[in-house]
Amino acid sequence: MEAIEVKVMSKSFNGIKAVDCVSFNVHRGEIFGFLGPNGAGKTTTVRILTGVIKPDAGEARVMGCDIVKDTQKAKEVLGVVPETANAYPDLKAWQNMMLIASLYGIPRREAELRAATLLKEFGIYERRSSKVKGFSKGMKQRLMLCMAMISDPEVLFLDEPTSGLDIQSARLIRQKIKELKEERKTVFLTSHNMQEVNVLCDRVGIINKGKMVIIDSPENLRTRIGGSLAVEVKFDKAVDMSMLGFNPERVGDNYKIYTTEPHEVICSIVGFATLNGLKIMGLNVQSPSLEDIFVKLTGGSND
Amino acid sequence: MIRKLWAVIWKDIQMYYFKGPVIIFGVLFPLFLFLAFYIGRNLPAAFLIPGLLAMTIFFTSTSVSPVIMPWETQMRTLERLISCPIEVRTLIFGDILASFIFGACISAVPVTVGIALGVGVKSPVILAAAIFISAFCFSSLGLLFSAPPTSLVSNIMMLSAFVKFPVVFISGIFIPMEQMPGWGVAVASLSPLTYFTDLARYSIQGYAYYPIYLDFVVLLFYSALFLILAVKLHERTSAMRF
């Protein structure tokens with residue numbers, strides 16, 4: 001059984017298709033990265049899969065439970081950190097945890113044990129008796145994650161979990177995601193942070209304009225879709241690179257040239273430098289990054 | 001189910017009701033509105049107290065319940081709540097019960113004021129039953145106001161005030177039913193508050209305009225109607241909030 005199964009799922013708002021016949025599976029114990037530009041349909045997909053809204057068409061199952069026909073049962077096996085949701089600001093961190101535990105039907109004693117463990121793991125146990133309105137953004141997000149995990153869910157939906165967080169909070173959350181994989185939990189991770197997705201995810205799905213563009217491992221995406229390599233060069237002084245050809249892209253003090261023939265480009269660069277009396281301060285060949293692939297597949301429309 | 005329901009009630013009480021300004025406003029607002037109308041008219045306390053009680057229970061039961069859903073949409077806590085394994089109907093019923101507890105408890109204030117002024121309660125059982133049913137009925141009405149899927153609390157407050165104030169003026173609080181013209185009685189008979197006011201007058205003054213059983217039947221009918229409508233409409237509109 002797959003952790004998440006989505007078949008030709010669609011959802012429209014006021015005639016505009018937010019999710020358009022999307023199909024994919026997420027395997028058990030997998031960290032699945034879900035990428036897409038703003039407005040591509042990521043949050044709508046997450047909201048459907050977490051039972052917040054219903055799809056107009058298609059099927060979606062979480063741990064075998066139909067999210068439309070068996071919504072409550074599906075919700076029992078999943079935890080979620082929605083992109084824009086908050087904990088109750090006028091309740092204490094501990095009260096927020098107990099509230100969610102009650103809604104999942106976790107016995108009181110068990111809930112207290114789990115809450116204490118999670119709050120300690122996320123470094124906010126000492127603040128458990130403080131109202132959430134006094135928390136920093138990082139602390140609030142850590143609490144949201146604790147709330148999502150109190151039911152010990154099989155599938156965890158994390159919608160932009162590290163967006164806008166301080167480095168410590170982001171690292172802590174990423175570390176926890178890695179630990180979840182070791183515990184054979186499934187994580188559905190939505191993020192704009194390509195480095196994060198690249199490091200954490202087993203597979204990546206890219207959605208654009210409501211349609212799933214591609215699903216594969218980050219490594220396969222780089223080899224299958226990346227195509228060209230990037231040759232990056234830095235000279236000792238500013239130079240008119242148009243004379244070199246190859247249509248170079250300026251990246252800070254460096255120039256980046258995309259090519260399938262790096263040898264030819266490097267020879268040209270060396271010749272160009274010798275001819276113009278330039279010193280080469282740096283030269284390297286890079287595989288295409290996940291970001292390059294994302295931009296390529298989404299037409300650079302990450303607005 | 002009971003535990004989930006209690007979790008919602010507890011959350012509402014902590015978040016919305018167990019706050020000084022809400023409690024003070026719940027008591028003071030109907031009191032001042034009432035005094036503004038009655039001062040200088042030299043009416044007996046036994047006539048005043050049922051009206052004050054009716055206004056208090058009506059305003060307190062419909063004070064916070066209409067704003068919970070838009071408020072939670074705006075605070076972005078609703079999505080977290082909805083993604084838990086809880087049905088919308090349980091959520092709505094919990095909100096109604098929290099409002100019911102608040103309305104029923106605050107109604108003790110005008111009753112206590114009446115007793116302090118020497119106004120006896122002739123039928124305490126009838127009064128208690130009337131308070132409980134009415135608090136539930138008006139709380140359900142409050143939740144009905146919040147069915148439009150907006151995050152703007154002001155919109156819901158406007159809609160709620162648009163209904164609440166006319167209801168207070170047509171329900172036999174300021175003008176007794178016996179003194180109303182025929183069309184006035186016809187209009188008053190449409191308001192659920194009329195039937196609570198009638199029961200309060202019966203319990204305190206010893207007479208009622210309608211038969212007691214009719215007051216209870218109509219209040220129960222409105223309670224069921226408002227509850228069903230609130231649940232059905234929220235089930236339909238909750239997904240539109242996101």
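**From one residue to the whole model**

Author: Leu78(A) lies in strand β6 of chain A, residues 78-81, where helices (H or I, at least four residues) and strands (E, at least two) are DSSP runs numbered from the N terminus. This is a predicted model, in which local features need pLDDT of at least 70 and side-chain atom pairs count only at pLDDT 80 or more, while totals for chains, interfaces and linings use all residues. Residues are numbered from 1 along each chain as its sequence is written, and chains are lettered from A and ligands numbered from 1 in the order in which they are written.

Reader: Why does Leu78(A) count as buried?
Author: Leu78(A) is buried because 27 other C-beta atoms lie within 10 Å; the cut-off is 20 or more other C-beta atoms within 10 Å of a residue's own, with 12 or fewer for exposed, partly exposed in between, and C-beta atoms placed from the backbone.

Reader: And which residues does Leu78(A) touch?
Author: Leaving out residues up to four places away in sequence, Leu78(A) touches Thr50(A), Val62(A), Pro153(A), Val155(A) and Phe157(A), a contact being two C-beta atoms, placed from the backbone, within 7 Å.

Reader: Switching to β3(A), how many of its residues are buried?
Author: Five of the five residues in strand β3 of chain A, residues 31-35, are buried. Ile31(A), Gly33(A) and Leu35(A) are on one side and Phe32(A) and Phe34(A) on the other, so both faces are covered. In a regular strand the side chains alternate between the two faces of the sheet.

Reader: Which strands are joined to β3(A)?
Author: Four bridges join β3(A) to β8(A), residues 186-190, and the two run parallel; Gly33(A) stands opposite Leu189(A) there. Another strand, β9(A), residues 203-208, is also joined to β3(A) by four bridges and runs parallel, with Gly205(A) as the bridge partner of Phe34(A). Two strands are taken to pair if DSSP finds at least two bridges between them.

Reader: What about the largest nonpolar core, how many residues has it?
Author: The largest nonpolar core has 137 residues, and those with the most contacts inside it are Cys146(A), Ile150(A) and Leu189(A); such a core is a set of buried Ala, Val, Leu, Ile, Met, Phe, Trp, Tyr and Cys residues joined through C-beta atoms within 7 Å. Helix α8 of chain B, residues 124-145, gives the most to this core, with 12 residues. Apart from this core lies another, of eight residues, among them Ala230(A) and Phe235(A).

Reader: How many residues does each chain bring to the contact between A and B?
Author: Chain A brings 24 residues and chain B 19 residues. On the side of chain A that touches chain B, the largest share, five residues, comes from α3(A).

Reader: Last topic, confidence: where is it lowest and where highest in chain A?
Author: Within chain A, confidence is lowest in helix α8(A), residues 218-226, at a mean of 71, and highest in α3(A), at 95, on the pLDDT scale, the predictor's confidence in each residue from 0 to 100. Chain A averages a pLDDT of 87, and 96% of the residues score at least 70.
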